Amino acid sequence: MRIKLKFAAAAFIAVMLFAVNAFAADNTEVYFNGEKQPFTVTVYTIDDIQMIPMRPIFELFNYKVDWNNKHRTITTSTVLGKMRLGIGSVFVCLNDYQAYVLKTYPRIYNGNTMVPLEFAAECTEAAIQYNESNNSLVITSK
């Protein structure tokens, strides 16, 4: 009985240590340079970090986004250079050198690669803001 109680206590502590605060807002409208886009996205917030889908946002800037299913990596070329990032890793390679450490790692959500909004804004050199009150993502290129 004591072993079961110790195991239950250890399991509870482990769950609490790795618990995260997460929220997803589906059907978020996207505005690019003032124009409503013909698609919606999901904005996923985890531990106060807003995550947005990489492909549809980067493609607004005509950046090609490639997915390597075998290695679970994404490559793209932006104004900053060629980038490679992996699902579950906070490290981003820019022109084959580790250049960034993300606040949280990219993850798959509803079939989309989600990246931190702040990272997407820096890569695209755009202002990207999520408005929770009207569930919209406003992107303004500089």
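**Buried cysteines and the sheet**

Author: Cys123 is buried, with a relative accessible area of 0% (buried means under 20% relative accessible area, with a 1.4 Å probe and protein chains only). This is a predicted model, in which local features need pLDDT of at least 70, side-chain atom pairs count only at pLDDT 80 or more, and totals for chains, interfaces and linings use all residues. Residues are numbered from 1 along each chain as its sequence is written, and side-chain values use heavy atoms, leaving out hydrogens and water.

Reader: And Cys93, buried or exposed?
Author: Cys93 is buried, at a relative accessible area of 17%.

Reader: How many disulfides are there?
Author: The structure has zero disulfides, a disulfide being a pair of cysteine sulfur atoms within 2.5 Å.

Reader: What is the bridge partner of Arg84 in S7?
Author: The partner is Cys93. Strands S6 (residues 81-86) and S7 (residues 91-94) run antiparallel and are joined by three bridges. Strands are DSSP runs of E, at least two residues, and helices are runs of H or I, at least four, numbered from the N terminus; two strands pair if DSSP finds at least two bridges between them.

Reader: In what order do the five strands form the open sheet?
Author: The order is S4-S5-S6-S7-S8, with antiparallel pairing. Strand S4 (65-68) and strand S8 (97-101) are the edge strands, each pairing on one side only.

Reader: Which strands does helix H3 touch?
Author: Helix H3 (residues 117-124) packs on the sheet and touches S5 (73-78), S6, S7 and S8, where contact means heavy atoms within 4.5 Å.

Terms used. Axes fitted to C-alpha atoms, helices over the stretch in contact; angles between N-to-C directions. Buried < 20%, exposed > 50% of the residue type's maximum accessible area, 1.4 Å probe, protein only.
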